[in-house]
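Good morning, everyone, and thank you for making the time. I would like to walk you through the inside of one structure, so please take a moment with the sequence and the model before I go on.

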Amino acid sequence: MSNVHELGFLKEKIQELKDEGVYRKLPVMGSASDAEVELNGRKVINLSSNNYLGFANNPRMKKAAIEAVEKYGVGSGAVRTIIGNMDIHEKLEETLAKFKREEAAFIYQSGFNCNAGTIQAITEAGDIIISDELNHASIIDGARLSKASKTIYKHSDMESLEAVLKENKDKYRNMLIITDGVFSMDGDIAKLPEIVELAEKYGAMTYVDDAHGSGVLGESGRGTVDHFGLHGRIDFTIGTLSKAIGVIGGYVAGSRTMYEWLSHRARPVLFSTSLPPAAVGAITEAINMLMESTEYTDRLWDNAAYFKEKMGSLGFDTGHSETPITPVIIGDEAKTMEFSKRLLEKGVFVSGIVFPTVPKGTGRLRCMVTAAHSRVQLDKAVEAFKQVGEEMGIL
C-alpha cells in the first residue's frame, strides 16, 4: 500500500520550520484571560492579550452570557438567512449602530470573517482596491477574494496615496481605499482626516479596519472615526468584538444601504451559523457598559501612559506608538525571542514578534497594557524588563 497517507510533504515542511528555529508549540492558558493568568501551569503577568478593557472575564458580561444561554440555548441552529437570526442578533446590531453613531451595523462571526466577507461583496471586476502596505492579513485575504484590481500605497504616506488615486481615477468604475485604523504592530494611528480628504477629492470610497481602535480610541471606545469626528464620511467601518470587547465576532458600521446589500451577499454570514447566544448576550452588555461610562477606556489610557513612561525612562525603544500597544523594539530576531523567554522565567508573558510578521531587524516584544492591570503588576513587569535588559546588555 502506498504511503500517501503519511503526508510526507508536510513532514518535510515541518522539519524546515525546526531547522530555521521557528517551530513552536502553542502556550496553554489554564485560567480566564486576565491581567494575571495561569500559563503552562504557572501564574504570570499577561502583557500579550488583546483584552484591552479587561472584559474577557467581566462579571456583568459573564452573567449576561449565562442568561442568554438559559433563554436561547447554546447555538442558533442555522445561518441567519434561514432561521439562525434571533431577536438578540438584531438587538445587538441596533445597539452597535447607536454606539458607533452610524445608521446601521452588520455583524459577522469574527473580525477575520468581516474583512473576508465585506471586501469581496462591495467590489468587483472593473473596481480597484487601494490598500496601505501594512494592512492586516485579513484585509489582504479579503482583497484576494475580490475580482477587483489591487494596488498598495506606502504606509501612511499621503503623497503615495494621492499618486495612486491620480493614476487610477479614470481607469476604474469604483476606487476603494482600505486602511487599518490602528496598526497592530507599531500602535500608530492612520491619518484618517487626510485619507478622507483625498478620497473625497478623487471620488473614492473609504474602508477602515478598526480592530485595534474599537473600544480604545474615541469617546468611550467608539473608535478611530469618532476620535477624528469623521462620522458619515467613512463608508465602511469594521469593528471587532473579540479584542477590547473581549468576546468573539466583528461588524461593519455604515449606511442602511450597506446593511441591505451585505445581508444578501456577505458569504461568511450566508454560509456559516450565526454567533451563539452566549457571545451575543455578553457583547450587548459590553456595549451598554461603554455607553454608560468612560471609566474603562480612561483606566486603559492611564495604565498605558504609566507603562510607556516607565519603559521610556529606562531607555527602551518603544517606537512611534500613539495607542496602548507598546512595542519594545529589540531588533535582532534571536535576541527578541531570547528576551521573551527570559521575561517568562521572571513571571511576565510578552510574546516576541519577528519576521515575517514585522520587517527583518525590527524584532519586538509587543506589550499589550490593559485596563485590568494594577500598578503593582505593571511595576513588576517593568522591573523584569529592566533585569533582562541589563543581563542581555541591551540597557
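Let me begin with the lining of the largest cavity, which is made by Arg80, His89, Ile107, Tyr108, Gln109, Val269, Ser272, Ser274 and Leu275, and please keep in mind throughout that this is a predicted model. Sorted by class, that lining has four nonpolar, four polar and one charged residues, and the space inside the largest cavity comes to about 60 Å³.

The whole structure was searched, and two cavities of 30 Å³ or more were found. The second largest cavity, with a volume of about 30 Å³, is lined by ten residues if you count along with me, among them Phe99, Lys100, Thr240, Ile245, Tyr251, Ile287 and Leu290. The elements that give two or more residues to this lining are H4 and H12, and by class the lining has five nonpolar, four polar and one charged residues.

Turning now to the packing, the largest nonpolar core has 36 residues, and those with the most contacts inside it are Tyr52, Leu53, Phe55, Leu96 and Ile283. Among the elements that give two or more residues to this core are helix H4 (87-100), strand S3 (104-108) and helix H12 (277-292), and H12 supplies the largest share, eight residues. Leaving aside residues up to four places away in sequence, Ile283 touches Leu92, Leu241, Ile245, Val247, Ile248 and Leu275.

Finally, the cysteines: Cys114 counts as buried because its relative accessibility is 0%, and Cys367 counts as buried because its relative accessibility is 0%, while a search of the whole structure finds zero disulfides.

Definitions and conventions
Residues numbered from 1 in each chain as written. Predicted model: local features only at pLDDT ≥ 70, side-chain atom pairs only at ≥ 80, totals over all residues. Heavy atoms only, no water. Core = buried A, V, L, I, M, F, W, Y, C linked by side-chain atoms within 4.5 Å. Buried < 20%, exposed > 50% of the residue type's maximum accessible area, 1.4 Å probe, protein only. Helix = DSSP H or I, 4+ residues; strand = E, 2+ residues; numbered from the N terminus. Contact = heavy atoms within 4.5 Å. Disulfide = S-S within 2.5 Å. 1 Å grid on protein atoms, 1.4 Å probe; cavity = no way out; pocket = protein on both sides within 12 Å on 5 of 7 lines; lining within 4 Å. Points joined across faces, edges and corners; volume = space filled by probe spheres on them. Nonpolar A, V, L, I, M, F, W, Y, C, P; charged D, E, K, R; others polar.
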